[in-house]
Amino acid sequence: CVQKFVDALVRRYNGNGVRKLQMIEIWNEPDFAGIPYWRDTAADLAKMGRTVYQTAKAVDPGIKVLWPSFVHWSSGVTVWQNKLVYGQASDGAGGVGKDWADGFAFHFYSYSTEMDTLMDYQETARKTLEALGKPNWEMYNTEMGFGDGYAATLSIEVKAVLIQRWMALCAAYGNKLAVLYSHDGSNLGSPATNPQMAAAANEIHSRLAGKTIREAGVLEDGRVFVVFGDNSTWTI
């Protein structure tokens, strides 16, 4: 059962004062239409969220438990209604879905070289957290990549620049995590086999690691402009 699995998982990797698992996500894309990853109700998912949260915390109180990362095909800045449904769903024991997470997980996939879609997603995440009554929740972008088929139309050089822009904006929006999904396939391009992608990843790390971002934005020509706490800048 879920309780036994989560207990064994967290106990194996986070026992004896060692924390190899920093966080655990309750479920992946429960409302994905192509493959029904979750086949029960929002209330059933909330009940499982409570089990995951309580079991993981019983083994390691410091582990982060992340909200299920729902699928969201939206345009512009809005509120993700499917997340509200889950957040307000009864867990069968006096609580609701939003009671059982430390942070808000979401996924971002792009079919454009523009940054508007990413910024709309970030602003929508903020509005959704406000609607849930959780405006101070940390945001975790647990999957990010190019849409199916679209990636094949882009060169590695273009992908590398776009990924750098994404990561800079995700950091500026305060995302605690931004995970690039599927480096091993055609989606992003593997740094292990593509020197351009490896160089881009290295630059992202050197530019962002340990830095404070004071200001960021998108210029008229599409480049991303970042101002750091020490007044240094980076234009991508």
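Predicted model: local features only at pLDDT ≥ 70, side-chain atom pairs only at ≥ 80, totals over all residues.

Reader: Which residues of α6 are buried?

Author: A residue counts as buried when its relative accessible area is under 20%. In α6 the buried residues are M197, A200, I204 and L208.

Reader: How wide an arc do they cover around the axis of α6?

Author: The buried residues M197, A200, I204 and L208 sit on the same side of α6, because the arc they cover around the axis is only 60°. On the other side of α6, the exposed residues are P195, N202 and H205. So the arc asked for is only 60°.

Reader: How far apart are the end C-alpha atoms of α6, and what span should its residues give?

Author: Helix α6 runs over residues 195-208, which is 14 residues. At 1.5 Å a residue, α6 should span 20 Å, and this agrees with the distance between its end C-alpha atoms, 20 Å.

Reader: Which residue just after α6 takes a positive phi?

Author: The place to look is just after the helix, where phi is about 75°. The residue with this positive phi is G210.

Reader: At what angle do helix α1 and helix α2 pack?

Author: Two packed helices are described by the angle between their axes and the distance between the axes. For α1 (residues 2-14) and α2 (residues 42-59), the axes are 9 Å apart, and the crossing is right-handed. The angle is about 35°.

Reader: How many residues in the contact of α1 with α2 are nonpolar?

Author: From α1 come V2, Q3, V6, D7, V10 and R11, and they meet M48, T51, V52, T55, A56 and V59 in α2. Three residues of this contact are polar and two are charged, while the nonpolar ones number seven.

Reader: Is N141 buried or exposed?

Author: N141 lies in strand β4 (residues 138-146). Beyond four places in sequence, N141 touches residues including F106, H107, F108, Q122 and C170. Its relative accessibility is 0%, so N141 counts as buried.

Reader: And D120, how far is it from S75 in space?

Author: D120 belongs to helix α4 (residues 116-131), and because its relative accessibility is 24%, D120 counts as partly exposed. Leaving aside neighbours within four places in sequence, D120 is in contact with G76 and V77. D120 and S75 are 45 residues apart in sequence, and their C-alpha to C-alpha distance is 7.7 Å.

Terms used. Residues numbered from 1 in each chain as written. Heavy atoms only, no water. Axes fitted to C-alpha atoms, helices over the stretch in contact; angles between N-to-C directions. Helix = DSSP H or I, 4+ residues; strand = E, 2+ residues; numbered from the N terminus. Left-handed = near helix turned anticlockwise from the far one by under 90°. Contact = heavy atoms within 4.5 Å. Nonpolar A, V, L, I, M, F, W, Y, C, P; charged D, E, K, R; others polar. Expected span 1.5 Å × (residues − 1). Buried < 20%, exposed > 50% of the residue type's maximum accessible area, 1.4 Å probe, protein only. Arc of directions from axis to C-beta.
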